[in-house]
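Open the model in your viewer and keep the selection panel at hand. The tour goes from the sheet to its helices, then to a cavity.

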Amino acid sequence: MRLGVMGGTFDPIHHGHLVAASEVQSRYRLDEVVFVPTGQPWQKADREVTPAEHRYLMTVIATASNPRFTVSRVDIDRPGTTYTIDTLRDLRLERPDAELYFITGADALAEILSWKDADQLWDLANFIGVTRPGHALSDKGLPEDRVTLQVVPAMAISSTDCRARVVDGMPVWYLVPDGVVQYINKYHLYSGRHTSRPRVEPFAKPARQCQEAL
């Protein structure tokens, strides 16, 4: 089995993430792409991150219509800071027969040598860096047989811009999935008034069950 692993904060998840996962799934003939929202991302300790349960539920909503997409809680349920090495180790234990393809932004991939236990990552997964058209990125120093780059037009969308638009009272329709727009509005995310946890959790059952219910 060829399993894509789409790691990210997803704060919020947007169409760039979904298009990237779909493009990579098709090009590399992946059987499934599992989205893994981070619990406590070590790279973003300098800013407030939306509570993990909100980000998880938005990811479930955004991916529910694609039968090849699922969502994992491994990073959210693991205590402490989230590191990619732990994500891949946990998924390897869950899916021992799967060949893993870790999908991330090319800018993040350029910093991979600074990640925790970076020298051990290559034994756990192949790495695919997604980037926007016209953006040049050197993969110097990375193993050629384990790292590839994939151009994805929708990567011009960013979570940072989506949050800023909400703060400024501007719409994010068509930048993020419709259900995620409604979720953001319901819980007042990014407005400074959001609740720490969802009041109700209609999507909290495992993502695979959500897929089967469609």
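**The sheet**

Select the strands: 6 of them form an open sheet with parallel pairing, in the order β3-β2-β1-β4-β5-β6. Helices (H or I, at least four residues) and strands (E, at least two) are DSSP runs, numbered from the N terminus. Two strands pair if DSSP finds at least two bridges between them. Go to the edge strands, β3 (69-71) and β6 (147-151), each of which pairs on one side only. Neighbouring strands are turned by 25 degrees against each other on average, direction ignored.

What you see is a predicted model: local features need pLDDT of at least 70, side-chain atom pairs count only at pLDDT 80 or more, and totals for chains, interfaces and linings use all residues. Residues are numbered from 1 along each chain as its sequence is written, and side-chain values use heavy atoms, with hydrogens and water left out.

**Along β4**

Now select residues 99-105, strand β4. Is this strand mostly covered or uncovered? β4 is mostly covered, with 5 of its 7 residues buried (under 20% relative accessible area; exposed is over 50%, partly exposed in between; 1.4 Å probe, protein chains only).

Find V5: F102 in β4 stands opposite. Step on to β6, where β5 and β6 pair in the parallel sense over 5 bridges. G129 stands opposite L149 in β6.

**The helices**

Select helix α1 (residues 15-27). α1 packs on the sheet and touches β1, β2 (32-37), β3, β4, β5 and β6; contact means heavy atoms within 4.5 Å. The direction of α1 makes about 145 degrees with that of β2. Axes are lines fitted to C-alpha atoms, for helices over the stretch in contact, and angles run from 0 to 180 degrees between N-to-C directions.

Move to helix α4 (residues 84-94). α4 also packs on the sheet, touching β1, β2, β4 and β5. Its direction makes about 150 degrees with that of β4.

**The cavity**

How many cavities of 30 Å³ or more does a search of the whole structure find? The search finds 1. A cavity is a set of points on a 1 Å grid over the protein atoms alone where a 1.4 Å probe fits but cannot get out; lining residues have an atom within 4 Å of a point. Select W42, Y83, T84, I85, W115 and K116 to show the lining of the largest cavity. By class, that lining has 4 nonpolar, 1 polar and 1 charged residues.

Technical notes. On a 1 Å grid over the protein atoms alone, a cavity is a set of points where a 1.4 Å probe fits but cannot get out, and a pocket is an open set with protein on both sides within 12 Å along at least five of seven lines; lining residues have an atom within 4 Å of a point. Grid points are joined across faces, edges and corners, and a volume is the space filled by probe spheres set on the points. Ala, Val, Leu, Ile, Met, Phe, Trp, Tyr, Cys and Pro count as nonpolar, Asp, Glu, Lys and Arg as charged, and the others, Gly among them, as polar.
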